[in-house]
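Here are my notes for someone opening this entry for the first time. Have a look at the model below, then go through the points in order.

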Amino acid sequence: MFNVETIRKDFPILSRKVNGKPLVYFDNAATSQTPQQVIDVIVDYYSNYNANIHRGVHTLSQEATDLYEASRQKIQAHFNAKYSHEIIFTSGTTHGINLVANGFSSLLKQGDEIIVSALEHHSNIVPWQMLCERTGAALKVIPMNEDGELVMSEFDKLLSENTKLVFVNHISNALGTINPIEYIIEKAHDVGAAVLIDGAQSAPHIKPDVQALDVDFYVTSAHKICGPTGVGMLYGKEEWLKKLPPYQGGGEMIAEVTFEKTTYADLPHKFEAGTPNICGGIAFGAAIDYTNAIGFDNIATYENELLEYGTKKLLEIEGLKIYGTSKHKTSVISFNLDGIHPYDVGTILDKLGIAVRTGHHCAQPIMDFYKIPGTVRASFAFYNTKSEIDALVEGVKKAKMMLS
Ligand code: PMP
């Protein structure tokens with residue numbers, strides 16, 4: 001049974017005060033909060049079996065290795081990858097995208113085209129622009145409409161035999177739009193292009209099945225799904241991960257090193273140079289366990305209620321405009337008050353203990369589309385409540401009164 005009051009007790013931070021007011025945390029799209037169950041795993045690691053992995057014969061090293069590899073298997077099961085060696089631990093979504101973009105350097109040439117969408121986070125734009133600079137490939141953009149949705153008929157027109165790669169996010173961090181990735185993957189495959197999905201925002205809301213999606217690469221970050229920062233995963237189909245060259249060189253990723261020639265380790269280690277974030281990787285698995293125990297269907301149903309409630313209540317405020325009005329969206333409300341800078345609204349909300357994000361949300365092209373400097377973004381998680389939304393609405397009304 002989903003009970004938000006019971007769930008909230010798992011998150012120690014939710015009982016703290018900010019500026020003398022109970023914390024209302026609505027910046028979940030930037031990073032989610034950490035339940036005690038995950039904090040305990042982190043403390044346990046450093047208290048009881050902190051050691052380097054994959055090399056030591058001693059007990060601590062073996063225990064740490066076993067737990068790290070068990071976590072890889074949990075992640076494999078969660079995303080339904082065929083093999084655990086298709087799961088590469090990374091430092092996060094940004095790292096995963098850069099790894100793939102770097103790998104494509106040797107596979108692209110002048111005349112090739114790669115397709116991004118207008119709804120992307122900068123980390124799913126800039127590495128590909130750098131790839132285009134290195135290879136001479138051209139970057140094409142799927143446009144968006146006023147509702148913050150991708151225009152699929154334009155995507156169809158962009159596809160050709162020159163298209164080698166398509167990369168879009170599953171869910172937009174700035175607007176919450178859920179993109180039609182099934183359609184995008186199918187159409188891209190029809191012309192022989194590979195697809196990378198940036199799942200940074202979907203991880204906490206949706207349980208993706210990478211085999212059913214038939215996606216080539218899927219990347220995400222643990223900190224968006226109740227895990228720690230600085231760790232994430234790249235899923236890649238085995239055939240692609242075998243084809244791509246290593247990203248970084250160093251320890252862990254080699255089979256044999258001489259000054260004449262070095263051979264690389266098998267998957268997944270080929271892409272895991274250096275000592276990884278061992279504790280983070282183990283805690284990522286604990287976060288997957290935690291969210292699965294709550295249940296992704298329960299999470300989606302509850303967050304939709306919050307989204308509907310918050311949208312209705314905020315729209316009652318005169319002069320408030322919401323950006324991102326697709327029917328297919330997660331619990332993100334990006335808005336502005338007429339004539340008032342989002343930063344000023346965010347500052348007043350903070351004084352009231354309410355944490356929201358203000359600015360361009362690392363998605364400047366979206367702000368350019370709407371011709372605005374930024375928005376106020378309230379992003380809800382399954383541990384938020386309607387009474388917290390009431391506090392937000394009162395806070396926004398107060399900000400409006402003070403700033404008008
Ligand atoms: N893509 C999207 C859609 C995101 O929301 C984020 C995080 N805001 C990222 C990529 C980058 O994630 P990270 O900073 O964890 O690498």
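1. Leaving aside its neighbours within four places in sequence, which residues is Gly-232 in contact with? They are Thr-90, Ser-91, Gly-92, Thr-93, His-95, Gly-96, Val-219, Thr-220, Ser-221 and Ala-222, where contact means that the C-beta atoms, placed from the backbone, lie within 7 Å. Gly-232 sits in strand β10; strands (E, at least two residues) and helices (H or I, at least four) are DSSP runs numbered from the N terminus. Gly-232 counts as buried because it has 30 C-beta neighbours inside 10 Å. For that label, 20 or more other C-beta atoms must lie within 10 Å of a residue's own, while 12 or fewer make it exposed and anything in between partly exposed, with C-beta atoms placed from the backbone.

2. A word on what you are looking at. This is a predicted model, in which local features need pLDDT of at least 70, side-chain atom pairs count only at pLDDT 80 or more, and totals for chains, interfaces and linings use all residues. Residues are numbered from 1 along each chain as its sequence is written.

3. Now helix α4 (residues 93–103), which is mostly covered, with 10 of its 11 residues buried. Thr-93, Thr-94, His-95 and Gly-96 are among the buried ones, as are Ile-97 and Gly-103. What lies over them? The cover of the buried residues of α4 includes strands β4 (87–90), β8 (194–198), β9 and β10 (232–236), along with helix α5 (126–135).

4. Next, the ligand. Around it you'll find Gly-92, Thr-93, Thr-94, His-121, Ser-123, Asn-124, Asn-169, Asn-173, Asp-198, Ala-200, Gln-201 and Ser-221, each counted as near if its C-beta atom, placed from the backbone, lies within 6 Å. This shell divides into 10 polar residues, one nonpolar and one charged. In that scheme Ala, Val, Leu, Ile, Met, Phe, Trp, Tyr, Cys and Pro are nonpolar, Asp, Glu, Lys and Arg are charged, and the others, Gly among them, are polar.

5. Domain 1 puts 22 residues into the contact and domain 2 puts in 20 residues. On the domain 1 side, α11 (296–315), β14 (332–337) and α13 (364–370) each give two or more residues, and α11 gives the most, with four residues. That side divides into 11 nonpolar, eight polar and three charged residues.

6. The UniProt record, an unreviewed entry, has the feature "domain: Aminotransferase class V" at residues 24–392. Its positions use the numbering here, feature names are shortened, and annotations may be inferred rather than shown by experiment. Over residues 24–392 the chain is 39% helix and 18% strand, and the end C-alpha atoms are 8 Å apart.

7. The largest nonpolar core has 103 residues, and Val-166, Val-195, Tyr-235, Ile-282 and Ala-287 have the most contacts inside it. Such a core is a set of buried Ala, Val, Leu, Ile, Met, Phe, Trp, Tyr and Cys residues joined through C-beta atoms within 7 Å. Helix α10 (residues 278–294) supplies the largest share of this core, nine residues. Each of domain 1 and domain 2 contributes at least three residues to this core. Leaving aside neighbours within four places in sequence, Tyr-235 is in contact with Phe-79, Ala-81, Glu-86, Ile-87, Val-210, Phe-217 and Tyr-218.

8. Finally, some backbone details to check. Leu-267 and Pro-268 are joined by a cis peptide bond, with omega about 0°, and Pro-268 is in the loop between β12 (262–264) and α10. His-54 is not a glycine, yet its phi is positive, about 70°; His-54 lies in the loop between α2 (36–48) and α3 (59–79). Why is His-54 counted as partly exposed? Because it has 18 C-beta neighbours inside 10 Å.

Definitions and conventions:
Domains from an automatic or database assignment. Contact = placed C-beta atoms within 7 Å.
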